[in-house]
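Visitor: I'd like to learn how to read a model like this one, feature by feature. Can you walk me through it?

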Amino acid sequence: MYLRTFPGRVLHGFLRRGLAASGKTPGTEDAAARGYYNTGGAQQNPGPAGAAHVRLVDLRSDTVTKPGPAMRQAIAEAEVGDDVMGEDPTVNELQKIAADMFGMEAALFVPTGTMSNLIAVMVHCRERGDEMIVGDLSHLHVYEQGGSAQLAGVHATTVPTLPDGTFHLDGLESKIRHGYPDPHYPRSRLICVENTHNIQGGRVLPLAFLQEVRALAEQYGLSVHMDGARVMNAAVAQGVPPSTILQHTHTVSVCLSKGLGAPVGTMLAGPRDFISRAVRCRKALGGGMRQAGVLAAAGKLSLQEMVGRLEEDHRNVKTFAQALLDCQPALFAVDMAAVETNILRFRLRDSTWSTRDFCARMGEVGEGEEAALGQGIRVLMYPHFGNSIRAVWHLGISPEDTQLAIQKMRYVASGRSKENVRAQ
Ligand SMILES: *Cc1c(COP(=O)(O)O)cnc(C)c1O
């Protein structure tokens, strides 16, 4: 017993001392300075813990969902086989369902969205030094550690991401290289778009934009890959099947582990020869999983049962956004036209109030709060790009949770305005 617990305790001690010595999570301040949401935020927003009478509304991300009873049962009962040998029936079924749904020839189950995007880049940009064009605020460019350069030897050039997640087409066209095989230049191979756009707050790319990007790509012999981590949210918001969106792209990556509620997994889809090559890349990257049917079973439920409920997330976001706008005193700025799916971005109108402080107050139960509200409410959100705050709705957040978040927001706002009056 002693021998078994001792190393754990020692390790724990080291970790605690290490953190105490540095006084912060490594990278926390850099992330804040860059203005992207702070994934080191576990520290400023201590995770889901606390007293039982404290209600928690976790709006940090739609990745925090946990599988419910039906999904756990599907996982428990999944038929499995060795998927590296192509013999897992549940994985094969999931891949067929995804391909049909997306209007693509084939699909591949991969562990994460990051690996899925990397595989897509590797297959589209096959020669070392090939180049892709990405939005400067795209997930691929900002949050994936430059994996396409690190691991695939692919050069990226950026176009400015506009507030609605699109680019200027002439700016895009100006980034296409024409010099190949002149040894000075890389060769343009790929254009990546992101739908819905994460950093820009869940913006849905207009179909006309996708059509124009595709036409431009065809003109220059390039491919179009969509980082469609949340493309099902886009489809629901536009009221179209995903295949209507994806007819404009050659390949797509769709996360099962976000709003669709699976614990793990992403679908990569495209032409059959693309997927054959993707299978090779996935194995090289260590993503060839064996009895992956236990995960694919959850993914099947995600695609078959969970798409319809995204609408509910979109409704809840709008309810909260409207409450921010209606809040008196008017402390919040929200562009309602930009609230399209399950991600909300908003700003504080009072420039002396930091987004960090606001998020900290939303995330803690302050003195007197339980008496004022009848219970403690912790609402977790992240400070985000461009001095905004980001909140994300998902299947763990009911209309009632949304009302709790509104109640807390009003409480924090009124506390702030009392402070302001006192300061005058
Ligand atoms: C979450 C996300 C990814 C990456 O997915 P992981 O499974 O977390 O690796 C890629 N692109 C976008 C737009 C995302 O939101």
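Guide: Let's start with Pro329, which sits in the loop between helix H14 (310-326) and strand E9 (332-333). Keep in mind that this is a predicted model.

Visitor: What kind of peptide bond joins Gln328 and Pro329?

Guide: To read that, look at omega. Here the bond between Gln328 and Pro329 is cis, with omega about 0°. There is also a cis peptide bond between Tyr180 and Pro181, where omega is about 5°. Pro181 belongs to the loop between helix H8 (169-174) and strand E5 (187-194).

Visitor: Is Gln145 buried or exposed?

Guide: For that you count C-beta atoms within 10 Å; 12 or fewer means exposed, and 20 or more means buried. Gln145 has 11 others within that distance, so it is exposed. Asn387 counts as exposed too, because it has 12 C-beta neighbours inside 10 Å.

Visitor: Now a lysine. What does UniProt list for Lys258?

Guide: With a record, look at what kind of entry it comes from. The UniProt entry, which is unreviewed, lists Lys258 as "modified residue: N6-(pyridoxal phosphate)lysine". In the model, Lys258 lies in the loop between strand E7 (251-255) and strand E8 (266-270).

Visitor: Which residues are around the ligand?

Guide: The residues around the ligand are Thr112, Gly113, Thr114, Asn117, His139, Glu194, Asn198, Asp227, Ala229, Cys255, Ser257 and Thr266. Helix H5 (residues 113-124) gives the most, with 3 residues. By type, the shell divides into 2 nonpolar, 8 polar and 2 charged residues.

Visitor: Thr266 is on that list. How many residues of E8 are buried?

Guide: In a strand, check burial and then which way each residue points. In E8, 5 of the 5 residues are buried, so the strand is largely enclosed by the rest of the structure. Thr266, Leu268 and Gly270 point one way, while Met267 and Ala269 point the other way.

Visitor: Which strands pair with E8, and in what sense?

Guide: Bridges tell you. Strand E2 (residues 106-110) pairs with E8 in the antiparallel sense over 5 bridges, and Val110 has Thr266 as its bridge partner. E7 and E8 also run antiparallel, joined by 4 bridges; there, Val252 is partnered by Ala269.

Visitor: What is the order of the strands in the open sheet?

Guide: The sheet has 7 strands in the order E2-E8-E7-E6-E5-E3-E4, with mixed pairing. E2 and strand E4 (155-159) are at the edges, each with a single partner strand, so one side of each has no neighbour in the sheet. On average, neighbouring strands are turned by 20° against each other, ignoring direction.

Visitor: You said mixed pairing. In what sense do E3 and E5 run, parallel or antiparallel?

Guide: Parallel: 4 bridges join strand E3 (residues 130-135) to E5. Within that pair, Glu131 stands opposite Ser188 in E5.

Visitor: Which helices pack on the sheet?

Guide: Look for contacts first, then the angle between directions. H5 packs on the sheet and touches E2, E3, E5, strand E6 (223-227), E7 and E8; its direction makes about 170° with that of E7. Helix H12 (residues 272-284) packs there as well, touching E2, E7 and E8, and its direction makes about 20° with that of E2.

Visitor: One more helix: what covers the buried residues of H15?

Guide: First pick out the buried residues, then ask what lies over them. In helix H15 (residues 355-363), they are Thr355, Phe358, Cys359, Arg361, Met362 and Gly363. The cover includes strand E10 (343-348), strand E11 (376-380), strand E12 (382-384), strand E13 (388-392) and helix H17 (399-423).

Technical notes: Residues numbered from 1 in each chain as written. Predicted model: local features only at pLDDT ≥ 70, side-chain atom pairs only at ≥ 80, totals over all residues. UniProt positions renumbered as here; feature names shortened; annotations may be inferred. Helix = DSSP H or I, 4+ residues; strand = E, 2+ residues; numbered from the N terminus. Contact = placed C-beta atoms within 7 Å. Near = placed C-beta within 6 Å. Nonpolar A, V, L, I, M, F, W, Y, C, P; charged D, E, K, R; others polar. Pairing = 2+ DSSP bridges. Axes fitted to C-alpha atoms, helices over the stretch in contact; angles between N-to-C directions.
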